[in-house]
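Please read it beside the sequence and the coordinates.

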Amino acid sequence: MIFEQPSALKRRISEVINREASSKLTIFEDTSEFMSIDAGDILRLSGNDYLVMGHAREGRFGIDEQIKFWVKTSIDLTTGAKKIIKMVFRETFNSRIGETAFRCLRSPEKEAAILREMHGHPNFMHGQSVRDAAGNIVRIIDFISGPSLYDYLREQKMFHEDYYRQELSKVMQLFMKCIEAIAYLHKQGLHHGDIRADHIIIKNKTDTYIWIDFDYEVEYVNYDLFCLGNVLQQVVGKGRHSLDDIRLRPSNYPYFNNTLVPSDMSLMFRHRVANVRKLYPYISEALNEILMRFSVGATDSYENVDSLLDDLRFLFPS
């Protein structure tokens, strides 16, 4: 609902934040200038008021806590529920996998389409897309409480061998549900476009793995598939393993015997190890063969997500 009277708006803000509201409130119905929207401001969208609490942050490519000014953490003043509000930010860049170059575009229209198509799917974030007063597509996303898969793997304190023997099967079963969700998405003629371990949230108290952030539109049909291979290497390896990791923390790799060659590295990230069995030789050869199909030395790539799933289901039957 919209709180038309300033006194009613301030009273409701005080109720949801348990302190006095600011004496001056700025209401935005047009989100075009998202850099001007800050904590304490009000977003008035599609007949509802949202209190902006701050800007979303993201760590990527070694940059911790990178601020995403076009994404606001917010509170729905009608329900008191936490929301993530994503505004229009057009971003284009070129990337490559091996010798294949392709173009990526940040597309609110594409993310809005997935929100509609995957509404109610347990492995995709939920929300709605609305138009602001200027016609911009704004996505209002339900907040998901829980760690990312990236953080979960990184924060496991057990030795890798203990993880492999005690936890991997459970993690793999849950991750395979996410892969199945991507396969279903592809059958709808859509793609995720930004598959990463930190774009899977493990929902607290349910252990459900949920995909978030799918606004990248990518011109390469198998991009999702190769990104899934990258996440799979992290699931099996209990995180990423780069050449620097091996050099700087040799005690983490007691079985490693300095036998890595260029063909052992990830096709997506040439400094990361795809041949994880050379670091941890107790990993099954069959599982490692799957990882190696996403390596520089791969000679037989997967045709689609379903073919990857078939091999994983054989090794990890439900």
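By class, the lining of the second largest pocket is made up of nine nonpolar, eight polar and seven charged residues, where Ala, Val, Leu, Ile, Met, Phe, Trp, Tyr, Cys and Pro count as nonpolar, Asp, Glu, Lys and Arg as charged, and the others, Gly among them, as polar. The model is a predicted one, in which local features need pLDDT of at least 70 and side-chain atom pairs count only at pLDDT 80 or more, while totals for chains, interfaces and linings use all residues. Residues are numbered from 1 along each chain as its sequence is written, and side-chain values use heavy atoms, with hydrogens and water left out.

The second largest pocket holds about 620 Å³ of space. Of the 24 residues that line this pocket, K238, H241, N252, Y253 and Y280 are the closest to its centre. Two or more lining residues come from each of helix 3 (149-155), helix 4 (160-166) and helix 6 (223-237), and helix 3 gives the most, with three residues. Helices here are DSSP runs (H or I, at least four residues), numbered from the N terminus.

On a 1 Å grid over the protein atoms alone, a pocket is an open set of points with protein on both sides within 12 Å along at least five of seven lines, whereas a cavity is a set where a 1.4 Å probe fits but cannot get out; lining residues have an atom within 4 Å of a point. Two cavities of 30 Å³ or more are present in the structure.

| Cavity | Volume | Lining residues |
|---|---|---|
| Largest cavity | about 60 Å³ | N230, Q233, Q234, G239, R240, H241, R272, V273 and V276 |
| Second largest cavity | about 30 Å³ | W70, M87, V88, F89, R106, P108, R139 and D215 |

The lining of the largest cavity has two nonpolar, five polar and two charged residues, while that of the second largest cavity has five nonpolar, no polar and three charged residues.

Helix 8 (residues 285-292) and helix 9 (residues 305-315) pack at an angle of about 165 degrees, with their axes 10 Å apart. The two helices are therefore roughly antiparallel to each other, a term that applies to angles over 145 degrees. The contact (heavy atoms within 4.5 Å) is made by A286, L287 and I290 of helix 8 together with L308, D311, L312 and L315 of helix 9. By class, this contact has six nonpolar, no polar and one charged residues.

Definitions and conventions. Grid points are joined across faces, edges and corners, and a volume is the space filled by probe spheres set on the points. Axes are lines fitted to C-alpha atoms, for helices over the stretch in contact, and angles run from 0 to 180 degrees between N-to-C directions. Angles under 35 degrees count as roughly parallel, over 145 as roughly antiparallel, 65 to 115 as roughly perpendicular and the rest as oblique.
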